[in-house]
Amino acid sequence: MRSESTPLIELRQVSKTFGKAADSSVQRLLQRLHVTRPRPVTHAVDKVDLRIQRGEVVGLVGESGCGKSTLGRMVAGLLPVSSGTALVDGQPRDSLTPEERHAMRLKVQMIFQDPSSSLNPRLRVDRIVGEGALLHGLTDKHGFDDYVSAQLQRAGLSPQLRQRYPHQFSGGQRQRIGIARALAVQPELLVCDESVAALDVSIQAQILNLFMDLRDELGLTYLFISHDLGVVEHLCDRVVVMYLGRVVESASVDDLFARANHPYTQALLAQIPRFDVRSTRYDAIQGEIPSPLNPPAGCHFHPRCPHATARCREEVPALREVSPNHLSACHLNDLS
Amino acid sequence: MNAASKPVPSHVGLQAQSPWRRVVLEFISSPTAVVGLLVLVLIMLVAVLAPWIVVQNPYDLMQLNVLDARLAPGSANMDSGYTYWLGTDGQGRDLVSAILYGLRISLWVGIGSALIAAVIGTLVGLVSAYVGGWLDALLMRLVDLLLSFPVILMALMILAWLGKGVGNVMLTLILLEWAYYARTARGQALTESRREYVDAARGQGIGPWRIVVGHILPNCLPPLIVIGALQIARAITLEATLSFLGLGVPVTEPSLGLLIANGFQYMLSNEYWISLFPGLALLITIVAINLVGDRLRDVLNPRLLR
Amino acid sequence: MSLPERNAAAMSTQAPTQTPTLEVRNLCTSFYTRAGVLPAVRDVSLRVAPGRILGLVGESGSGKSVTGFSILGLVDAPGRISGGQVLFKGRDLTQLSAAGLRELQGNRIAMIFQDPMMTLNPVLRVDTQMIEAVRAHRTVSKREARAHAGRTLALMGIPSPEERLRAYPHQLSGGMRQRVAIAIALLHAPDLIIADEPTTALDVTIQAQILSEVQKLVREQGTSLIWITHDLSVVAGLADDVAVMYAGRIVEQGSVADVLDRPQHPYTQGLIDSLPSRNKRGQRLRQIPGMAPDLLSMPTGCAFAARCSRATSVCAQEPPEREIAPGQTVRCFHPGAADAQ
């Protein structure tokens, strides 16, 4: 029933809004007593479309407050969507039975940024890695030790370490435990949320290599969330750029790094410190990232954009194809 | 075999080190706390073994001789000739025996009520944090209400209604103490539930109650243990206070507080020992528990942990 | 007062013979823990000339931050400077009294932290804090101090400084807070600034702005700057000189051009090679195997030997610091370009 082109994950016009703190003390009291609900105001993610095909490595980049982590959590099913539809293998997540939803949740696993907070400090490694698999019948009590050992080995850790506690490991090893845990439930998609950002440079390379090896061995699909464009360029097939809750550009890696269309993407690419560039650039885009609580009208990027026009201040630009499979949300494209 | 599956060398031994191991090591690094713990263990031992240590059963009125009443420390028994090392009280009880039996009651009431309150309070706190919404609001307002009344006043009210007796004192203490645990457990559970390992467990399809009991609860224990230690001391003092005021245990089964109260009237006639020695026993017990509790608070401090 | 017009000896082409602002000689800092002595900084020597920027690069546990804190005399117990000299304009800071150090701190030597809230007090307005900082080392009226604070903020490229002065720290964004913290460091036009990963937590567009402003100011004021970071790419653009630390020692140092383009130490080479931009896209990265040694049980000899492909039996001894080219020193028995091996 599923054709080759059915995406593993598809988000259609997905939004996520978070409640804002109440203004007056009366409102706050009513909310505390659960008489009224807080008004949803923050559009952490605003009508985003995202398709991830099997075997693809999709990079999701953007700066703080752009909603990339929120989007990642919605893909992983850890956060419900506020509006829009999330489809897994072409089936809307809402239409699934509880059992199907469980199986689907295992299909998408998340690798977190901070390995010390994502591992329970009071549990031994074997339980951290194997509890989910045991619960879902992927292994049984007799095969448990072997199963956990196999996962640890796949993540590049000695199986002898499975009786230890997380605090006995270094940062890179802890991240490997997190990866072993994800692999233990036999996922198809790994959502990596800044998974190497907290690691040292030399350890970063080891973990990135592990991700690439696992892709080849297990045919895994990745959503790779990162602020580090160098890592994304190296690892990904396709890149999605977000700014203040919206997707501003989406293209293949080659296309994006060679011919960035959106002014924000261009600015981002220009400002990454590069190893082979021996100066700090002075043409930095000015200004701060606006608060997601109160984003600018029209194109969110217009206050910092060197090309902004009157139209940009009023009308939200739609995501349009500027060349095959290269989408960008900028009014400038209508001029040419 | 490619490089990714090559085990990463490690510098730590293979031995598993539970996070609790560090707590034990830190604890024993403080000499005062170790002394406190030893004293506490000794007190608990003699309290438990009291029936086999003492020369008379102070609760058995048949064994008491009124002629031996209010003898000074070191006096000899009229009948069998053994020495009253700490003297006797107004009923002719051997004070050593009375103190050990009193300790039994005090510790039983203190530890028993603190443990039961801990279980109830932790459960309420976890439920409150997990269910949230109006139930959380309701339970926490109840906790606020309980904690805002002076403890003695509440205890007096409850006991006046229930009547005297060891069981009733314990019930009173539990009613007053569970709120502390509930508030701490709820706060801790809320903090812990925001940590990423909870998300990771959810992503692994682990059920909510399993996460609360198997993953969050173990991380809530350190502050609860600290509260528990200090609450035991509080419960013992409170029981002593209530007994001193005549609302606690019955006269036939004197706890330390009641012994102090009984001896109080003889203080002016220079028969100091009847109050003094039970008082000292109470003081040493409380100080020992507090030394242990303080050290536990230091080593279980969440900012130092992990 | 206006900021000094000491632009004179700025840009990069200085002779290394010029009197350095800071010269660290054989600095050792250890932490005396119950688990044993932890040698965080071992025999570190470096010098920074006026108007120059030194990038101090290393991974976590390499001792780069402890080196920065040691220079300022900010190492807390159980840590202690156990040897060496820190010569600031010829005066040994390790011999200075607490009062003498305080006189220099925040005045002639300033520190910028990764978290700006280490500098900023959350309950005080920005102007209150900056006025206090000015008057701590200079007798001027509050009005003058405030005016100077405003000028310094403007210098850091902060728009509408008057508005920022009236704000509380929590009303500012993370990037703005860090700029204010940097402005406070710059208040007395210090001779030396030590910056510990100040842009690591910031977004790239904000980082780019701060990097270019800091570089400009340092050049103009003739300040010496030590920029502690794990990010080689930041150092590549910002610094004049670079020192690479590993397990408490400087394993290689020299000018940015020499060290980053012609690295001689296998660790420096490994770090550079593992950058994704230095690898073919989609291919496995060239990684350094293993991980940094535990400082509590350090191997004898070269600390990198266990991870090094060039290691031989001689590496069981401690490699001395050798000058391999003018101004470039390496601690390795087998230095050389990567391809030569």
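What follows is a short chat about a predicted model, with chains A and C as its topics.

Visitor: What ipTM and pTM does the predictor give the complex?
Guide: The ipTM is 0.84 and the pTM is 0.83. Keep in mind that this is a predicted model.

Visitor: Start with chain A. How many helices and strands are there?
Guide: Chain A has 12 helices and 12 strands.

Visitor: What does the C-alpha trace span along its principal axes?
Guide: About 70 × 60 × 45 Å for chain A.

Visitor: And how does the radius of gyration of chain A sit against a compact globule?
Guide: It agrees. A compact globule of 336 residues would come out near 20 Å, and chain A has 22 Å.

Visitor: What share of chain A is buried?
Guide: Buried residues make up 50% of the 336.

Visitor: What about contacts in chain A between residues at least 6 apart in sequence: what share join residues at least 24 apart?
Guide: That share is 66%.

Visitor: Pick a helix. Is H2 of chain A mostly covered or mostly open?
Guide: Mostly covered. H2(A) runs over residues 68-75, and eight of its eight residues are buried.

Visitor: Which residues are those?
Guide: A:Lys68, A:Ser69, A:Thr70 and A:Leu71, then A:Gly72, A:Arg73, A:Met74 and A:Val75. So the buried set of H2(A) includes A:Lys68 and A:Arg73, which count as charged.

Visitor: What follows H2(A)?
Guide: A:Gly77 follows H2(A), and its phi is positive, near 75°.

Visitor: Switching to the interface. How many residues of chain A are in contact with chain C?
Guide: 35 residues of chain A, in contact with 36 residues of chain C.

Visitor: Which helices of chain A each supply at least two residues to that side?
Guide: H7 (201-218), H8 (229-235) and H10 (263-271) of chain A.

Visitor: Which gives the most?
Guide: H7(A), with eight residues.

Visitor: How do the residues on that side of chain A divide by type?
Guide: There are 16 nonpolar, 12 polar and seven charged residues on the side of chain A that touches chain C.

Visitor: Now chain C. What's the average pLDDT?
Guide: Chain C averages 87, and 94% of the residues score at least 70.

Visitor: Where in chain C is confidence lowest and highest among helices and strands?
Guide: Helix H7 of chain C, residues 204-221, is lowest at a mean of 86. Strand S9 of chain C, residues 241-246, is highest at 96.

Visitor: Where does the pLDDT of chain C fall below 50?
Guide: Over residues 1-16 of chain C. Beyond near neighbours in sequence, that stretch has 22 contacts in the model.

How values were computed. Residues numbered from 1 in each chain as written. Chains lettered and ligands numbered in written order. Predicted model: local features only at pLDDT ≥ 70, side-chain atom pairs only at ≥ 80, totals over all residues. Contact = placed C-beta atoms within 7 Å. Helix = DSSP H or I, 4+ residues; strand = E, 2+ residues; numbered from the N terminus. Buried ≥ 20, exposed ≤ 12 C-beta atoms within 10 Å, placed from the backbone. Rg over C-alpha atoms; globule rule 2.2 N^0.38 Å. pLDDT = per-residue confidence, 0-100.
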